[in-house]
Amino acid sequence: MTDLLKLIHVLSGAVLFGTGLGIAFFMVWATRTRDARVVAGVARIVVVADFLFTASAVVIQPLTGFWLIRLHGYGLTERWLLATYGLYVFVGLCWLPVVWIQWRMARLAEAAASRGEGLPSAYDRLYWTWFALGWPAFAAVIGIYALMLFKPAL
């Protein structure tokens with residue numbers, strides 16, 4: 001049972017990181033085209049992917065993590081775990097506005113595409129906020145991976 005739980009935990013972490021990286025890649029490349037039709041299509045898919053994959057992993061990670069903590073006999077307040085919790089909350093605080101921003105960017109691109117126009121300046125402002133939130137969130141996820149692997153004495 002422990003091995004299956006570990007597998008689920010590791011795979012959901014990979015889904016969390018991989019989906020985020022894939023979403024970032026496709027949104028950046030779509031936005032670079034400056035074609036509202038392309039951006040609208042990609043953004044629609046990105047919003048769905050974020051809800052299906054990222055949201056599922058966000059729920060699975062702490063559930064399997066707490067179960068593994070108990071099975072392996074760690075205390076819930078070990079310093080490396082407290083650092084992990086803090087980074088996880090930080091990632092969530094970055095991700096929640098990103099979900100809304102992606103949805104809004106999709107709507108703006110769809111509206112511009114339907115009118116045969118280019119991307120509006122409101123899209124660009126949202127895009128740069130979305131882009132800026134991604135960097136610290138990805139760094140924090142890497143930090144979580146490092147804490148899980150090395151379990152440092154902090």
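Lys151 lies in the segment after helix H4 (121-150), helices being DSSP runs of H or I with at least four residues, numbered from the N terminus. The model is a predicted one, in which local features need pLDDT of at least 70 and side-chain atom pairs count only at pLDDT 80 or more, while totals for chains, interfaces and linings use all residues. Residues are numbered from 1 along each chain as its sequence is written, and side-chain values use heavy atoms, without hydrogens or water.

Phi of Lys151 is positive, near 40°, and the residue is partly exposed at 33% relative accessible area (buried is under 20%, exposed over 50%, partly exposed in between; 1.4 Å probe, protein chains only). Arg34, in the loop between helix H1 (2-33) and H2, likewise has a positive phi, near 65°, and is partly exposed at 40%. Most residues other than glycine have a negative phi.

Helix H3 (residues 79-114) holds Thr84, which is buried at 8% relative accessible area. A polar atom of the Thr84 side chain lies 2.8 Å from the backbone oxygen of Trp80. Beyond neighbours within four places in sequence, Thr84 is in contact with Ile144, Leu147 and Met148, contact meaning heavy atoms within 4.5 Å.

What follows H3? Gly116 does, with a positive phi near 70°. The axes of H2 (residues 36-71) and H3 come within 9 Å and cross at roughly 160° (axes are lines fitted to C-alpha atoms over the stretch in contact, with angles from 0 to 180 degrees between N-to-C directions). H2 is therefore roughly antiparallel to H3, a label for angles over 145 degrees.

Definitions and conventions: Helices (H or I, at least four residues) and strands (E, at least two) are DSSP runs, numbered from the N terminus. A polar contact is a pair of N or O atoms within 3.5 Å; within protein, one must be able to donate a hydrogen and the other to accept it, and residues adjacent in sequence count only if both atoms are side-chain atoms. Angles under 35 degrees count as roughly parallel, over 145 as roughly antiparallel, 65 to 115 as roughly perpendicular and the rest as oblique.
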